[in-house]
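Here's a quick look around one protein model, taking in a pocket and some charged pairs. Have the structure open as you read.

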Amino acid sequence: MNKNISALYTIAQKETRKILGLMSGTSLDGLDIALCTVSGSGENTNVKILEFETISYSEDIKNEIRKVFAQKTIDFQHLALLNEWIGILHSDMINDCLKKWNISSNEVDLIASHGQTVLHAPKFLHQQEKFPNATLQIGDGDHIAVKTGIITISDFRQKHVAAGGEGAPLAVYGDYLLFGKKGENRIMLNMGGIGNYTYLPASLNAEEVFVTDTGTANTLIDIFTKHYFPEKSYDKDAEIAQQGTVNQELLNELKSDDFFQKSFPKSIGQELFNFDFVQSALVKCGLENISASDLLATLTRLSAETIAEAIYFTIKNTSIPAEDFHIYMSGGGTNNPLLVKWLTELLPCQFHTSDDLGILSDAKEAVLFALLANETVSGGDYNFGNSKGIPSVTMGKISFPD
Ligand SMILES: Nc1ncnc2c1ncn2[C@@H]1O[C@H](COP(=O)(O)OP(=O)(O)OP(=O)(O)O)[C@@H](O)[C@H]1O
Ligand SMILES: CC(=O)N[C@H]1[C@@H]2OC[C@@H](O2)[C@@H](O)[C@@H]1O[C@H](C)C(=O)O
């Protein structure tokens, strides 16, 4: 037997595995690295975060990614170069963290690498009948395996597409395994660049589980903060938006986009929610001279209302009163006080953060990918039924160090 297969076989049989989960999200802020111990699999999974770090991307890295990120037309060679380069950069970041944490690569069983999303084009976005849903994450797993010496599982989203999904959101798998609680209706709401939520019914019936993206969460706020204040990368603590007033005409125009009319579930990215999306609405409303604070207030309100309306879709589909839903927030948007204030006003549910469930909210997505890798080697027995775009498959490609 090949020694790598034999090593993997041993890892698959362990009671507890050390898995390093990696997530670099669409807001391009950096690489989240979570070192976890994962015991068991499926509904018997338990996870503990041993170490967590976000390694910020330098301006150089951000600029190189932006050359291809969510663009229809790109320099093809640049994409190929980036695929290798990001694999190497992520490996260096991992090796630095392991050194800092005083952990040898031999102690880590697996790396779960999401990669950097550069394009997400579900069918409703590209609208080309003969082509399927498409999504592309780069930063090749072979580089990570070779440079760290650790078996690496990567490129999780392709299998989801192959099995009929849109390639996102994937959070549902880990949310279900980790956070489902009998007797409590839970909404796991992540507010990163894009918002998404998983509904975990009190029955724990996997067939009732639901997941969808909601639309922009921080993406548009970040883009226009940077546009008006090039030295800032986001509206910290909503300091700018809090000084503005929501422009109702602009808000209505932004919300009239087809994405918000399309039925749930759905997934999306900056391919739609970008500078031009807002600019064309501003032109249409004759509001090109709107103040930065009014625009950021309106964009923050857009996130709050569209997240709340998406969650109401699930609430209305059950006969359960909204007051009986518990919303657990995670992602950077949890730190935006205006967004959270409006959400709590719009939704009469009980609000918490994922920290209250023992998972640091900033680390949640990296942990979820560690769980996907755990299922790939040792589990994979979930069944979400066929109805709602959640294929019951294991995901990821396996790269060996040598
Ligand atoms: N104190 C704060 N005030 C306001 N916004 C904040 C604050 N802290 C973080 N954010 C927002 O959170 C964003 C980063 O969130 P996060 O890291 O969850 O996104 P991501 O994982 O890259 O995105 P995605 O989950 O869509 O891939 C920042 O760009 C910023 O907009
Ligand atoms: C294609 C892609 O990278 N999508 C991300 C993005 O960030 C949030 C939202 O859009 C979600 O669909 C997804 O990430 C999370 C981890 C997911 O798949 O659940």
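Let's start with the second largest pocket: β4 gives the largest share of its lining, three residues. Keep in mind that this is a predicted model. β4 (110-121), α4 (123-126) and β5 (134-138) each bring at least two residues to that lining.

The space inside the second largest pocket comes to about 560 Å³. Its lining has 18 residues, and Gln71, Lys72, Leu119, Ala121 and His126 are the closest to the centre. What kinds of residues make up the lining? They split into 12 nonpolar, four polar and two charged.

## Charged pairs across the chain

Side chains of opposite charge can pair when their charged atoms come close. How many salt bridges are there here? The count is 17.

One of them joins aspartate 402 to lysine 3, with 3.2 Å between the closest N and O atoms. Aspartate 402 sits in the segment after β12 (397-399) and lysine 3 in helix α1 (residues 3-13), so this pair ties together parts 399 residues apart in sequence. Both aspartate 402 and lysine 3 are exposed.

Aspartate 109 pairs with lysine 14, and their closest N and O atoms are 2.6 Å apart. Buried or exposed? Aspartate 109 counts as buried, at 8% relative accessibility, while lysine 14 is partly exposed at 35%.

Lysine 18 forms a salt bridge with glutamate 107, at 4.0 Å between the closest N and O atoms. Lysine 18 lies in strand β1 and glutamate 107 in the loop between α3 and β4, 89 residues apart. Elsewhere, Lys255, Arg301, Glu305 and Glu309 are joined into one network by salt bridges that share partners.

Definitions and conventions
Residues are numbered from 1 along each chain as its sequence is written. Chains are lettered from A and ligands numbered from 1 in the order in which they are written. This is a predicted model: local features need pLDDT of at least 70, side-chain atom pairs count only at pLDDT 80 or more; totals for chains, interfaces and linings use all residues. Side-chain values use heavy atoms; hydrogens and water are left out. On a 1 Å grid over the protein atoms alone, a cavity is a set of points where a 1.4 Å probe fits but cannot get out, and a pocket is an open set with protein on both sides within 12 Å along at least five of seven lines; lining residues have an atom within 4 Å of a point. Grid points are joined across faces, edges and corners, and a volume is the space filled by probe spheres set on the points. Helices (H or I, at least four residues) and strands (E, at least two) are DSSP runs, numbered from the N terminus. Ala, Val, Leu, Ile, Met, Phe, Trp, Tyr, Cys and Pro count as nonpolar, Asp, Glu, Lys and Arg as charged, and the others, Gly among them, as polar. A salt bridge is a side-chain nitrogen of Lys or Arg within 4 Å of a carboxyl oxygen of Asp or Glu. Buried means under 20% relative accessible area, exposed over 50%, partly exposed in between (1.4 Å probe, protein chains only).
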